[in-house]
Each structure stands twice: as structure tokens, then as C-alpha cells.
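Here is a short briefing to read alongside the model. Please keep the sequence and the 3D view open as you go through the points.

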Amino acid sequence: MFDFDSITFLIAVVSLIAFAIPFMIYSNEARKQSVQNAAKLESFLQSQHLQVAAKEIWRDRYFLGLDLNQEKLAYTKDIKNFEPTVIHLSEISHVSRQEVSRVIGTGKSQRKVIDALYLNLFTSSGILLVSIEIYDGEVFSDLSGEPVLLTKWEKLLKDQLAVTNKKENLHKAQSSEIV
């Protein structure tokens, strides 16, 4: 039916393989990096004796985890250059979201560009304890579910703070009854 020239066929196969090799190498390296990041993260969680019930890893860079038993929040904005932060929920009284954005264009072609998203944690005196970076437009060119992630963690932390505050108030009430 078809007449194949073996030299042309061989050149096509070699070209296809040469084209695919960089993608395979990149995929392999990304997988290795992901495994290393997971190992670093697991080692850190074990060293802090944290049992995270809720956790999020996104963009193979950020990590956010909540230990409900110890009421601690663990966070890092760069798993590769691991500098984690552990926050006791008892130090937090208020959670709010922050969106840094700008409007570009004019008239009908006007659109909003989000430059950064943060989850801000405040003390009872209203002092900003920590600002958790969820998205940085300087590092990434597009959003990849970060607004949904921000909403999810804002709600999760507010709910957990309500539980924590209820426990503290109950404990205070029991302590005052004993005295």
C-alpha cells in the first residue's frame, strides 16, 4: 500500500525522540523535586509533632496546614527553600483576606488584574501577626484557583477560631467557678 523509505522513517523516529527527550527530562526532574519537597514537609511536621487535618500544597511551592488538636497553623511560601512558620491559633483573634489589584484599560476594555492575595492574621489588639501569601503576581503570571483557596482557608480558620474561642471561654468560666 504505502512505500516507506527506511531512511526517511528512521529520521522521523529520531526527530520525534529528540523532540520528546527534553519533556521527559523536565517531567522527571519535576517529579523528583515534588518528592523531595514532600519529604522535607513530612520531616518538618514530624519534628513539630503536628498532625495536620487540613492541608494544602499548591504550585509545588506553598504549603498551609492546620493541626486541629494542637490548634496550630503551619505555613511556608517556598517549600524548596524551606522556612516554615508555625502559628498558635490562640494568638489569633481575627482573620481577613487582602487582595492587591489594579485596573488596566479604559471604557469597555477595562479589567482588573490581581497582583497578590494574602490571608492576614491579627492579634486581639488588632496587630497584624502574620500575612500569609497565597498568590504573588510577580512570581506567577496567572491565577490557578488561588481565590477559591483563599476563601476556603479564610472560612476554615474563622470556624476554627470560633471553636477555639468557645473552648477558652468555657475554660475561663470553669476556672472562675472553682475560685
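Is Asp 159 buried, exposed or partly exposed? Asp 159 is partly exposed, because its relative accessible area is 40%, and buried here means under 20% relative accessible area, exposed over 50%, and partly exposed in between (1.4 Å probe, protein chains only).

This is a predicted model, in which local features need pLDDT of at least 70 and side-chain atom pairs count only at pLDDT 80 or more, while totals for chains, interfaces and linings use all residues. Residues are numbered from 1 along each chain as its sequence is written, and side-chain values use heavy atoms, with hydrogens and water left out.

Helices (H or I, at least four residues) and strands (E, at least two) are DSSP runs, numbered from the N terminus.

- Strand 3 (residues 72-76) is largely enclosed by the rest of the structure, because five of its five residues are buried.
- Both of its faces are covered: Lys 72, Ala 74 and Thr 76 are buried on one side, and Leu 73 and Tyr 75 are buried on the other.
- In a regular strand, side chains alternate between the two faces of the sheet.
- Strand 2 (residues 62-67) pairs with strand 3 in the antiparallel sense over five bridges; two strands count as paired if DSSP finds at least two bridges between them.
- Within this pairing, Leu 64 stands opposite Tyr 75.
- Strands 2 and 3 form a hairpin with four residues between them, and Glu 71 in the turn has a positive phi of about 55°.
- Strand 3 is also joined to strand 4 (residues 85-88) by four bridges, and the two run antiparallel.
- Leu 73 faces Ile 87 of strand 4 in that pairing.

- Seven bridges connect strand 6 (residues 111-122) with strand 7, and Leu 117 stands opposite Tyr 135 in strand 7.

**Salt bridges**

- The count comes to ten salt bridges, each being a side-chain nitrogen of Lys or Arg within 4 Å of a carboxyl oxygen of Asp or Glu.
- One of them joins Lys 152 and Glu 56, whose closest N and O atoms are 2.7 Å apart.
- Lys 152 lies in helix 2 (residues 146-178) and Glu 56 in strand 1 (residues 54-58), so this pair ties together parts that are 96 residues apart in sequence.
- Lys 152 is partly exposed at 44% relative accessibility, whereas Glu 56 is buried at 18%.
- Glu 99 and Lys 112 also meet in a salt bridge (2.7 Å, N to O), linking strand 5 to strand 6 across 13 residues.
- Glu 99 is partly exposed at 37% relative accessibility, and Lys 112 is exposed at 51%.
- Lys 155 forms a salt bridge with Asp 159, with the closest N and O atoms 2.8 Å apart.
- Both residues lie in helix 2, four residues apart, about one turn of the helix.
- Arg 59, Asp 142 and Glu 146 are linked in a network of salt bridges.
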